[in-house]
Amino acid sequence: MKHSHQKLRWGYSTGACAAAAATAAWTGLARGVRPASVRVRFPDGRDRELPLRPGTAHMAAIVKDGGDDPDCTHGATLYADIRPCRPDDMRAEDYALTVGGGLVILRAVEGIGLCTRQGLDCDAGRWAINPGPRRMITDNLRAAGLNAGCWLLEVGVENGARLAKHTLNAQLGIVGGLSLLGTTGLVQPYSHDAYIHTIDLCVRSHARAGASAVVFCTGGRSRAGASIRLPHLPPGAFVPIGDFIAESLAAACRFGMRDIAVACMPGKLCKYAAGFANTHARRASQDMKLLRAETARMLPEEKGLHQALGHSASVREALLSIPEPAREGLLRRLARTALGHFARRCGGGQALRLLLFDFQGEFMLEESRP
């Protein structure tokens with residue numbers, strides 16, 4: 001049964017939720033009554049009514065709704081408190097927002113990370129609150145009537161430090177919590193744009209630190225194995241890429257990486273060797289046809305093996321049928337083919353390597369292309 005993309009629910013970014021909480025906190029203070037919901041102006045010019053969480057100890061709180069593209073922040077509680085202050089209360093980590101004729105000092109108090117590296121959307125030493133959310137907060141406070149005085153706006157995410165462990169923030173150099181993100185304030189269902197953007201940020205930040213070598217890892221086990229195999233590289237060199245091999249290679253070339261390694265497992269290797277740009281299961285089945293063809297070239301006399309491979313449902317299952325003495329040679333052939341596809345995407349001039357790990361994360365082999 002096919003599902004219509006139009007029927008999927010859009011969600012709200014962490015940045016939009018922070019703007020909603022900030023606006024509700026100001027509205028409650030100005031009117032003396034806590035609202036049950038708050039109208040928020042989004043960058044597309046439309047107003048949307050967002051429900052607030054009742055019974056909070058803060059001036060306003062909201063539960064993030066990620067729509068039909070939920071991530072680790074779906075269901076997280078963001079909150080805000082606002083009170084009068086003096087301009088000299090501002091700290092180095094804070095942001096100064098000009099709202100009409102007033103000044104708002106924006107400060108993170110819980111669950112929002114601090115940027116520690118260059119190359120991000122926020123300067124090193126400042127809270128990880130991106131420009132888009134800061135603009136939304138400014139615009140909505142102005143629309144809600146804030147126009148004078150100096151105010152301290154404190155925002156936080158309950159359990160944000162724990163949730164951040166499921167993100168790439170530590171890889172990016174954002175410590176202590178989540179980032180408040182969002183250029184549109186909206187989360188498109190099943191959009192991978194945010195992941196690709198994060199890969200881009202990782203590589204850009206790594207390049208600005210003076211590095212020229214990067215290791216793209218398809219998952220946690222390949223990343224752990226690659227870091228053991230390449231202990232001389234800093235943590236920032238190991239970038240999780242999921243299914244986005246084409247976009248990752250493009251980022252590496254765009255930011256001047258001269259030594260590019262890809263750490264993966266046999267299933268992804270077969271897809272790379274088949275030339276797939278995106279290896280998601282929805283977009284590409286494991287290319288058993290290529291694996292069978294390569295096996296037939298290497299072991300033409302093994303008729304029983306070819307029949308067994310014809311019934312194999314996955315690369316993992318197929319490899320169990322291939323005799324161990326022939327297995328490494330087959331995988332090396334596939335690795336060289338994959339590296340050829342990588343070289344064509346990069347356009348030349350980069351040293352390319354492929355590190356292969358088994359399904360338990362143990363190192364299997366390495367192939368390189370100068």
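Tutor: Helices and strands here are DSSP runs, numbered from the N terminus. The model is a predicted one.

Student: In which strand is the place of Arg41?

Tutor: Arg41 belongs to strand E2, which covers residues 37-41.

Student: Is Arg41 buried, partly exposed or exposed?

Tutor: Buried means under 20% relative accessible area and exposed means over 50%. Arg41 has a relative accessible area of 42%, so Arg41 is partly exposed.

Student: What does Arg41 touch, not counting residues up to four places away in sequence?

Tutor: With that exclusion, Arg41 is in contact with Arg46, Asp47, Met136 and Asn140. Take Asn140: 99 residues separate it from Arg41 along the chain, yet their C-alpha atoms are 6.3 Å apart.

Student: Which residues of helix H6 are buried?

Tutor: In H6, residues 220-229, the buried ones are Ser222, Gly225 and Ala226. Viewed down the axis of H6, these buried residues fall within an arc of 100°, so they line one face of the helix. Gly220 and Ile228, on the other side of H6, are exposed.

Student: Against which strands do the buried residues of H6 pack?

Tutor: They pack against strands E12 (213-217), E13 (238-240), E14 (259-264) and E15 (351-357).

Definitions and conventions:
Residues numbered from 1 in each chain as written. Predicted model: local features only at pLDDT ≥ 70, side-chain atom pairs only at ≥ 80, totals over all residues. Heavy atoms only, no water. Helix = DSSP H or I, 4+ residues; strand = E, 2+ residues; numbered from the N terminus. Buried < 20%, exposed > 50% of the residue type's maximum accessible area, 1.4 Å probe, protein only. Contact = heavy atoms within 4.5 Å. Arc of directions from axis to C-beta.
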